[in-house]
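Please read the following report alongside the sequence and the coordinates. It takes up the core, the surface and selected side-chain interactions in turn.

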Amino acid sequence: MQREWLFSLIPLAIGAIFLGFGVHGLRRARALRRTGVTAEARIVRHDASRNDEGSTSYHPVAAWTARDGRTCEYSSRFGRKVVGDDFRVGAHVVVQYDPKAPHRFAIKGWDIRTVDLLFTVLGSVFVVGTVTMLLVRLATL
């Protein structure tokens, strides 16, 4: 019986981590919508990143001037395998950023909340499923 309890902690921990990442992303997006400032930006380059399977993702780097005159240039936290014409180098885009921390920003049309929603839903399913299973086990002891 002891091992079953330990094994049930694995999906619970995975669910809690997924849920944490998802909720953090959704809260960050909500804060940007509420208090963020919009600015006209330009895509200056794409940062490429490779995962363990060798797949390459491209993260657009947006440059803009903040309202206080600071020049900002940051890479998007989301990467894609294919970059469309709307986000090519030199393209003009709209960014929404936190004036207190401009590195917290979103490129309109590129940064989507689907990933954060997916993590939130998967995390919730893992946590609720594991807790339900544990409660059923406790009830049947």
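The model is predicted, so local features are described where pLDDT is at least 70 and side-chain atom pairs count only at pLDDT 80 or more, whereas totals for chains, interfaces and linings use all residues. Residues are numbered from 1 along each chain as its sequence is written, and side-chain values use heavy atoms, with hydrogens and water left out.

**Nonpolar core**

The largest nonpolar core has 17 residues, of which Ala62, Trp64, Val93, Val95, Tyr97, Phe105 and Ile107 touch the most other members. Such a core is a set of buried Ala, Val, Leu, Ile, Met, Phe, Trp, Tyr and Cys residues joined through side-chain atoms within 4.5 Å; buried stands for under 20% relative accessible area, exposed for over 50%, and partly exposed for values in between, with a 1.4 Å probe and protein chains only. Two or more residues of this core come from each of strand S1 (37-50), strand S2 (56-65), strand S4 (92-98) and strand S5 (101-107), and S1 gives the largest share, 4 residues. Helices (H or I, at least four residues) and strands (E, at least two) are DSSP runs, numbered from the N terminus.

**Helices and the nonpolar patch**

On the surface, Phe7, Ile10, Ile14, Leu118, Leu122 and Phe126 form a nonpolar patch with about 540 Å² of accessible area together. Patches consist of residues with over 30% relative accessible area and no salt bridge, with like charges joined within 9 Å and nonpolar side chains (Val, Leu, Ile, Met, Phe, Trp, Tyr) within 5 Å; the areas come from the Shrake-Rupley method with a 1.4 Å probe, and for residues only the protein chains shown count as cover. Helix H1 (2-35) and H2 each supply at least two residues of the patch. Ile14 lies in helix H1 and is partly exposed, with a relative accessible area of 35%.

Thr120 lies in helix H2 (residues 114-139) and is buried, at a relative accessible area of 15%. Leaving aside neighbours within four places in sequence, Thr120 is in contact with Phe18, Leu19, Gly22, Val23 and Leu26, while the side chain of Thr120 reaches the backbone oxygen of Asp116 at 2.8 Å. Gly20, in helix H1, is partly exposed, with a relative accessible area of 40%; the C-alpha atoms of Gly20 and Ser55, 35 residues apart along the chain, are separated by 26 Å.

**Salt bridges**

The structure holds 5 salt bridges, each a side-chain nitrogen of Lys or Arg within 4 Å of a carboxyl oxygen of Asp or Glu. The table lists some of them.

| Pair | N to O distance | Relative accessible area |
|---|---|---|
| Arg45 and Asp47 | 3.3 Å | Arg45 37%, Asp47 28% |
| Asp68 and Arg70 | 2.8 Å | Asp68 51%, Arg70 35% |
| Arg104 and Asp98 | 3.7 Å | Arg104 39%, Asp98 17% |

Asp68 therefore counts as exposed, whereas Asp98 counts as buried. Arg45 and Asp47 also belong to a network of salt bridges that links them with Glu73.

**A buried histidine**

Which side chain makes a polar contact with the side chain of His59? The partner is Ser49, at 3.2 Å, and the side chain of His59 also reaches the backbone oxygen of Ser76 at 3.2 Å. A polar contact is a pair of N or O atoms within 3.5 Å; within protein, one must be able to donate a hydrogen and the other to accept it, and residues adjacent in sequence count only if both atoms are side-chain atoms. His59 is found in strand S2 and is buried, with a relative accessible area of 14%. Not counting residues up to four places away in sequence, His59 touches Arg45, His46, Asp47, Ser49, Ser75, Ser76, Arg77, Phe78 and Gly79.

Note on methods. Contact means heavy atoms within 4.5 Å.
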